[in-house]
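Reader: Could you walk me through reading helix packing and burial, using a model I can look at?

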Amino acid sequence: MKQNRSLFRRFLKAHFLFIFFPPVMLIFFSAFFGSSDINENNINTLNLFYVTVLLFGFIIVAFVILSWLFFLKLQKRLACLQEVMSVSAKNNSFPKPISVQSDRMDEIDELGSSFNWMIQQLEDSRKRAYEEELLRHRLIANLSHDLRTPLTILRGHVTRLNKETLSFEGQHSLAEMNHTITRVGDLMDDLLSYTLLTSGKHPFGPVSTDIGRLVRASVAAWYPAFEEKEIQLDVNLPAAETFYWEADPTWMTRVLDNLFQNILRHAAEGKYANIVVDVEQEQIIVADRDPGMNNSSYGDGAGIGLSTCHYMLNKMKLKADFTSNENGTRVAIGRA
């Protein structure tokens with residue numbers, strides 16, 4: 001936008017007039033009295049001295065007052081702009097546009113106009129991002145729903161083929177097909193769950209939660225599944241001591257369910273799981289004996305589930321530290 005008026009140019013022009021115009025008038029005034037015939041009285045010289053002193057005093061006072069008014073006005077305009085920015089930063093929202101005098105555009109108004117343009121661009125960008133996010137969530141939800149029908153048909157054909165007389169290789173292929181169909185269904189469930197979670201569809205209600213009791217309940221619920229896979233459980237859950245987190249019990253249970261499910265999916269061959277509630281460090285520790293996340297199927301299929309866990313823990317101001325090597329994987333959940 002073209003700048004119509006310069007604030008600092010006006011400031012310099014006004015100060016120039018106050019500094020140089022009165023002395024020029026004093027020179028003309030002195031010359032006028034100097035050319036008159038009334039020179040015999042020395043009182044005129046004394047009066048001229050007083051006038052000069054008063055004039056220069058007036059110049060100094062006027063200079064100070066004018067400068068003070070200028071910088072006071074400048075400070076108020078800048079403080080208004082700064083207040084709008086700071087309030088928006090505290091409220092984590094976009095600031096409202098500030099008023100700009102388009103008919104008398106100066107440096108401050110030009111700054112405000114640029115600020116308003118930036119706000120408009122950010123609002124348009126946020127609106128586009130929100131619309132794209134809604135479209136992506138709708139697309140994922142529709143795909144998750146539409147893909148269930150062909151998966152159900154495939155499972156029906158697999159079940160029908162299981163009743164036929166097949167070779168050992170054929171039965172093995174059918175078992176792999178059935179396992180793959182189950183895995184794809186689980187991945188779609190994880191993807192849909194993550195989409196609903198990030199879009200705010202799952203309610204979040206943090207309360208003071210007894211972590212020891214919650215972990216014991218989760219382990220008890222998953223114990224039959226571990227026993228079926230012949231996984232040895234090494235559990236250390238103190239009954240007399242516990243600690244509390246400000247967390248959503250449903251979300252915490254889901255995080256533990258995901259970790260236990262990953263052990264069954266990716267570390268069942270290790271036949272070992274260690275579950276500890278460390279009251280002193282206020283941590284939940286889950287460990288197994290898989291070949292490591294880089295060498296097992298962890299890296300192939302656990303991404304969405306772990307992303308869901310990280311999102312939930314971050315929302316509850318918690319974190320999960322993963323340590324993985326050829327001896328196994330260890331997850332420690334604690335405060336962020």
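Predicted model: local features only at pLDDT ≥ 70, side-chain atom pairs only at ≥ 80, totals over all residues.

Reader: How do I describe two packed helices?

Author: Use the angle between their axes and the distance between the axes. Axes are lines fitted to C-alpha atoms, for helices over the stretch in contact, with angles from 0 to 180 degrees between N-to-C directions. Helices (H or I, at least four residues) and strands (E, at least two) are DSSP runs, numbered from the N terminus. Take helix 5 (residues 211–228) and helix 6: their axes come within 10 Å and cross at roughly 30°. That makes helix 5 roughly parallel to helix 6 (angles under 35 degrees are roughly parallel, over 145 roughly antiparallel, 65 to 115 roughly perpendicular, the rest oblique).

Reader: Which residues make the contact of helix 5 with helix 6?

Author: Contact means heavy atoms within 4.5 Å. Helix 5 brings residues including Leu214, Val219 and Trp222, and helix 6 brings Met252, Leu256 and Phe260 among them. By class, there are 12 nonpolar, 3 polar and 1 charged (Ala, Val, Leu, Ile, Met, Phe, Trp, Tyr, Cys and Pro are nonpolar; Asp, Glu, Lys and Arg charged; the others, Gly among them, polar).

Reader: And how do helix 4 and helix 6 cross?

Author: The axes of helix 4 (residues 168–198) and helix 6 (residues 249–266) come within 14 Å, crossing at roughly 155°, so the two are roughly antiparallel. Arg183, Asp186, Asp190, Ser193 and Leu197 of helix 4 meet Trp251, Arg254, Arg265 and His266 of helix 6. That contact has 2 nonpolar, 2 polar and 5 charged residues.

Reader: What span should helix 3 have?

Author: The expected span is 1.5 Å times one less than the number of residues. Helix 3 (residues 107–162) has 56 residues and should span 82 Å; its end C-alpha atoms are 81 Å apart, which agrees.

Reader: Is Thr209 buried or exposed?

Author: Buried means under 20% relative accessible area, exposed over 50%, partly exposed in between (1.4 Å probe, protein chains only). Thr209 lies in strand 1 (residues 207–210) and counts as buried because its relative accessibility is 7%. Leaving aside neighbours within four places in sequence, Thr209 contacts Leu214, Phe243, Tyr244, Trp245, Ala247 and Pro249. Asn274, in strand 4 (residues 272–278), is buried too, at 18%.

Conventions: Residues numbered from 1 in each chain as written. Heavy atoms only, no water.
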